[in-house]
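Hi everyone, thanks for coming. Let me put it up.

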Amino acid sequence: MKKLTYLLLTGIVVFTLTAAFPFLTSTKNSEEGNSIQANNLPNSNTEVNTLDNFPAPDQGCLTCHKNIEPIRAHNSGMMQQIYLKGASMGDKNGCIVCHQGNPNETKDKTKAHASIIKDPGSIWALNKTCSQCHPDHEYNLHRSLMQTEAGKIQGATWGWQSENGYKVKYGNHNIKDSDGSTPKWGTPEYKKYMHSMRDKYPNVFVDELFELPETNVSNIKKKPQDAVFTYLRGECLRCHVGVKGKQRRGDYRGMGCSSCHIPYSDEGRYEGNDNTISKTETGHMLVHSIQSSRKTKVKVHGKEYSGIPTETCTSCHNRGKRIGMSYTGLMESAYNTTWNADGTPQHKLHGKNYHYIQEDVHHRIKSRKGNPEGGLLCQDCHTTTSMHGDGNISGTTLGQVEVECADCHGIPDKYPWELPLGYQDEYKTTHAKTPRGVTNNLQKVTKKFATIYPAEDGFLLTSRGNPFGNVVRRGNSVVVHSASGNDFISPTLKELKETDTWKHPVKATTAMVNISAHMNNLECYTCHSEWAPQCYGCHVKVDFTKGYGSFDWTKAGRMHDSLGYTGEFMKDASPFIQKGKVTEGRSYLRWENPILGKNGEGRVTPLIPGCQQITTVIGEDGKAIVTEKIWRTKPGLENGGDEGQRGIDMAPVTPHTTSAEARSCESCHTDPKALGYGINGGKFMHGYNTDKFTDIKDANGESLSENQRPQISRIDGLNMDLSQIVTRNGKQLQTVGHHWPDSGPLTQEQRERVERVGVCIACHQDLPNGDAAMSMITKAGDVLKMTPHGTEEHMNLLNSDINWAARTRILAPFILALLFIMAYIIWKQRKKLRKK
């Protein structure tokens, strides 16, 4: 009895120490992760800690859930701690550590599951589950954009002009940054950087968010723009991690931590070995296992993978800027082709059909092992601070994401470690010029939970000063360790320049070496994004006709119970049905050569519609209150003058469609769309502001039918193409990235300069900084005001030059002959004079 008591006390002490100080456990750094050695396992009177099975595979929950997958490998440090804690709670298999329930009840399912937490990752149950070991993650996640969706909310309310200001005000739920303005995670350099960002942009980085209001339907005729609250709650906000979201193909996922860390297939069916879980019912995880970093292996049908697959991210990142789908090469289509082998239409994904355009080069690159499909995962670039949040409240993705292209690739004159912190993340701020260097010190959160790679010559730093835990310097090379298990050598521009191994030497040297303004003023992806999804015209109808309703995702999250269950789980859905049915549509879709503008950092960047909201609101009586309305800002905002600016918005974007070969010089310098003047210079689609009829007419154009109806109903105030953001004389036509004060269309000077170069670049590849003679001619032309500023001036110049060239060619022989004769006569006369 004394020996048994001693063993139990020893087990409790060991568990307490390892739970409080995980680093005390003996570990080894390997592909399999931090594994506790067999001789370091705690003693147990049952002696079931075998490292390759559950401690009690025929007891407790496993009496019914036989053969279920372990949430982590049995020999992992995490699983051993779960077993230890479970044993102290009376459950050797540790199921109740995450799920609660009653493992001792093996006959009555209702009793066994009385207090069970179905999804331990639920953000509303984390204090009972994940936060036992990850308390900071819970705090940060509640304030991250994945939970608040503050930027999306502010963008939509701006477009409807329900809220006229720039300040981020609403989130999915009431939340405060109660621990102050210092980020919970990050290096001292990062925290200093973010403090300066907060001071400079108080409208973006806020201390508190309020829950998005519900629409006051009784007042909707007086304030129809408040229908945006119904639109957001019923359609846009289903992706926040406080709910499970729509249950349909491609959208199946968990909640909270499980949104990313539990695998779900597109079809949402369980494919593991637990016979109590239906294999045909949708809405289930793929297998009962956590996906995380490289050391965390997940097994499915005898195959093994690690990391969080890109397809997990696309379960949410398929709307808005659509970066998840774009990264994999897909863009939504208005058509249901191609048809399947049995003749049925293309299977819808996320409720849409898709084209294949071209995937991002990072998604399709070969690894050092030569795996053709072994591209980078989203998490390989996007840091834990960006994904989980840093503990502060940010109102946009640009404010929360800390990585830049140069962090891994550098620039032609500098390796990444030679760049200062803040490079490509300037926000019109002059940062210190001292090299950022590398580091051997990782963040505490990385050392505690992530896969640790050899530092080699040091871990690279992000533009804001946090170390990449998976990107290291090796001499003058950059090695990226993917969570998938693949390793990649990231090309650096300085090495390509020094070794002259550019894929296209003339293009690369001209664009990145000779023209320094490109590197100083453009984002890398401005040229290297070959396409971007462009959904012009987001037509939104909110219909409050009596009896019409929609599921309220914000309320579903807020009205959770103590076990983390949200509205989707509850049998009675009526409390979560709000008044108003939401319908969406588009004007037209494009993918090629996106428009250029300026982002919040002040750099030139691609733009896509995001969103150009054109709104219709139907009252409770079934009659339209507003139809196809474009709201305007208050006077003076966004260069809108006295009438205000159109609330339709073009958004700066990182398209995630990177190609090693950049778009052509002509695609920017000679394309009016790129400059913001619209497709084909905005010459088409000017008829939005009048009804269009197609019925038979007489010779005078008068309709002959009294029953005619408009085929295309008008949109008042839209006498332009939706792809046009500015006129040639500089009048801004719609909002461009209103979250940040420095975002907007290209300036008049920028547009004119681009066009000046454009009229020369097709013939003169050396302009402006290549060939010395050409450079001198260009500068002389600028000084003498002879450089053409547009196509017409260029044509006139060419016409003049061609006329001179033609005359010269025709007259040249006669002039040369005359000169020869004159020279001969002069020579003869001089010869005679010398004889005299």
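The largest cavity has a volume of about 90 Å³. By cavity I mean, on a 1 Å grid over the protein atoms alone, a set of points where a 1.4 Å probe fits but cannot get out. The points are joined across faces, edges and corners, and the volume is the space filled by probe spheres set on them.

Before going on, a word on the source: this is a predicted model, where local features need pLDDT of at least 70 and side-chain atom pairs count only at pLDDT 80 or more, while totals for chains, interfaces and linings use all residues. Residues are numbered from 1 along each chain as its sequence is written, and side-chain values use heavy atoms, with hydrogens and water left out.

So who lines that cavity, with an atom within 4 Å of a point? Among them are Tyr190, Met194, Arg198, Phe205 and Asp390. By class, the lining has three nonpolar, six polar and two charged residues. Ala, Val, Leu, Ile, Met, Phe, Trp, Tyr, Cys and Pro count as nonpolar, Asp, Glu, Lys and Arg as charged, and the others, Gly among them, as polar.

The second largest cavity, about 60 Å³, has a lining of one nonpolar, three polar and six charged residues. Arg238, Lys244, Lys246 and Asp251 are among them.

Now to an open space. The second largest pocket has a volume of about 780 Å³; a pocket is an open set with protein on both sides within 12 Å along at least five of seven lines. Of its 39 lining residues, Gly186, Thr187, Pro188, Glu189 and Lys191 are the closest to its centre.

Last, the cysteines. How many disulfides does a search of the whole structure find? Zero, taking a disulfide as a pair of cysteine sulfur atoms within 2.5 Å. Cys524 has its closest cysteine sulfur in Cys405, 4.3 Å away, which is too far for a bond. For Cys408 the closest is in Cys381, and at 6.2 Å that is too far as well. Cys408 is also buried, at 14% relative accessibility, where buried means under 20% relative accessible area with a 1.4 Å probe, protein chains only.

Key:
Buried < 20%, exposed > 50% of the residue type's maximum accessible area, 1.4 Å probe, protein only.
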